[in-house]
Amino acid sequence: MKENANIRKWFALLIAIIVYYVIHEGAHTLVALLFGSFDKIRLLGLGVQVVTKTGLMSTWQIGIFSIAGSLATLLAAYLLLRSTRCIVKSGRRIVKAIGYYTTFALLLIDPIYLTFLYKFFGGGDMNGIKLLLLPEAAWQIVYGLLTLLNIILIIKYVYPAYKKAFA
């Protein structure tokens, strides 16, 4: 029985990571296509990168392209959060596990990354986001506050709902 629970957890975590990449990089791809600057999708070890022809984009468009991924994952996270009651009512434990880990991933990955982790990975999306209205430090504060808000949402709503559903 314990073995099935571990397999379920790892499978759900894998699905959560895939969902994150599809939403995040999918948003970048859609924006690049909209701006007529899409070049290719590059696989980077465990990551994915949407490559654009930045010479065809204005500074504003680069900023929109860069922030699109995190906005899409946060929107999806809040939709999942709103759907928690329905997900936990599912009779299938795997559905609940996928909902749980995906909600966590979507609520936390981008806010944590864009608060401070990006500095260790060449800047990533922050290189473009800081071109939009606010300086880099202000964006770090915005994403830091989102991290705190999302942690509170997890503690108050996500964890208790799923803990009860799995009891």
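Which elements each supply at least two residues of the lining of the largest pocket? Keep that in mind as you take the tour. The model on your screen is predicted.

**Stop 1: the whole chain**

Show the protein chain as a cartoon. It has 6 helices and 2 strands. Now turn the view. Along its principal axes, the C-alpha trace spans about 55 × 30 × 30 Å. Of the 167 residues in the chain, 41% are buried.

**Stop 2: the largest pocket**

Rolling a probe the size of a water molecule over the atoms shows where empty space is left. The largest pocket has a volume of about 830 Å³. Its lining counts 29 residues, and the closest to the pocket centre are Glu25, Val48, Tyr113, Gly124 and Asp125. Select those five and centre the view on them.

Now for the opening question. Select α1 (2–35), β2 (47–52), α2 (59–82), α4 (93–115) and α5 (126–129); each supplies at least two residues of the lining of the largest pocket. Give each element its own colour. Then look at the lining by class. It has 16 nonpolar residues, 10 polar ones and 3 charged ones.

**Stop 3: helix α1**

Select isoleucine 18. This residue lies in helix α1. Is isoleucine 18 buried, partly exposed or exposed? At 44% relative accessibility, isoleucine 18 counts as partly exposed.

Isoleucine 23 and leucine 131 are 108 residues apart in sequence, and their C-alpha atoms are 22 Å apart in space.

**Stop 4: helix α2**

Select leucine 80. Its place is in helix α2. Leucine 80 has a relative accessible area of 19%. The cut-off for buried is under 20%, so leucine 80 is buried. Next, pick threonine 103. Leucine 80 and threonine 103 are 23 residues apart along the chain. Their C-alpha atoms are separated by 6.1 Å.

**Stop 5: the salt bridges**

Side chains of opposite charge can pair when their charged atoms come close. How many salt bridges does the structure hold? It holds 2.

Take glutamate 136 and lysine 119 to begin with. Their side chains meet in a salt bridge, with 3.8 Å from N to O. Glutamate 136 lies in helix α6 and lysine 119 in the loop between α4 and α5, so this pair ties together parts that are 17 residues apart in sequence. Lysine 119 is exposed, at 51% relative accessibility. Glutamate 136 is partly exposed, at 24%.

Now look at glutamate 136 and lysine 130. They form a salt bridge too, and the closest N and O atoms are 3.3 Å apart. Lysine 130 counts as partly exposed because its relative accessibility is 33%.

**Stop 6: a backbone angle**

Most residues other than glycine have a negative phi, and most peptide bonds are trans. Select leucine 133, in the loop between α5 and α6. What phi does leucine 133 have? Its phi is positive, about 55 degrees, although the residue is not a glycine. Leucine 133 counts as exposed, at 76% relative accessibility.

**Stop 7: a patch on the surface**

Finish on helix α6, which covers residues 136–166. Keep the surface on. Select Ile141, Leu145, Leu148, Ile151 and Ile155. Together they make a nonpolar surface patch of about 500 Å². Zoom in on leucine 145, whose place is in helix α6. Is leucine 145 buried or exposed? Leucine 145 is exposed, with a relative accessible area of 54%.

Terms used. Residues are numbered from 1 along each chain as its sequence is written. This is a predicted model: local features need pLDDT of at least 70, side-chain atom pairs count only at pLDDT 80 or more; totals for chains, interfaces and linings use all residues. Side-chain values use heavy atoms; hydrogens and water are left out. Patches are made of residues with over 30% relative accessible area and no salt bridge: like charges are joined within 9 Å, nonpolar side chains (Val, Leu, Ile, Met, Phe, Trp, Tyr) within 5 Å. Accessible areas come from the Shrake-Rupley method with a 1.4 Å probe; for residues, only the protein chains shown count as cover. A salt bridge is a side-chain nitrogen of Lys or Arg within 4 Å of a carboxyl oxygen of Asp or Glu. Helices (H or I, at least four residues) and strands (E, at least two) are DSSP runs, numbered from the N terminus. Buried means under 20% relative accessible area, exposed over 50%, partly exposed in between (1.4 Å probe, protein chains only). On a 1 Å grid over the protein atoms alone, a cavity is a set of points where a 1.4 Å probe fits but cannot get out, and a pocket is an open set with protein on both sides within 12 Å along at least five of seven lines; lining residues have an atom within 4 Å of a point. Grid points are joined across faces, edges and corners, and a volume is the space filled by probe spheres set on the points. Ala, Val, Leu, Ile, Met, Phe, Trp, Tyr, Cys and Pro count as nonpolar, Asp, Glu, Lys and Arg as charged, and the others, Gly among them, as polar.
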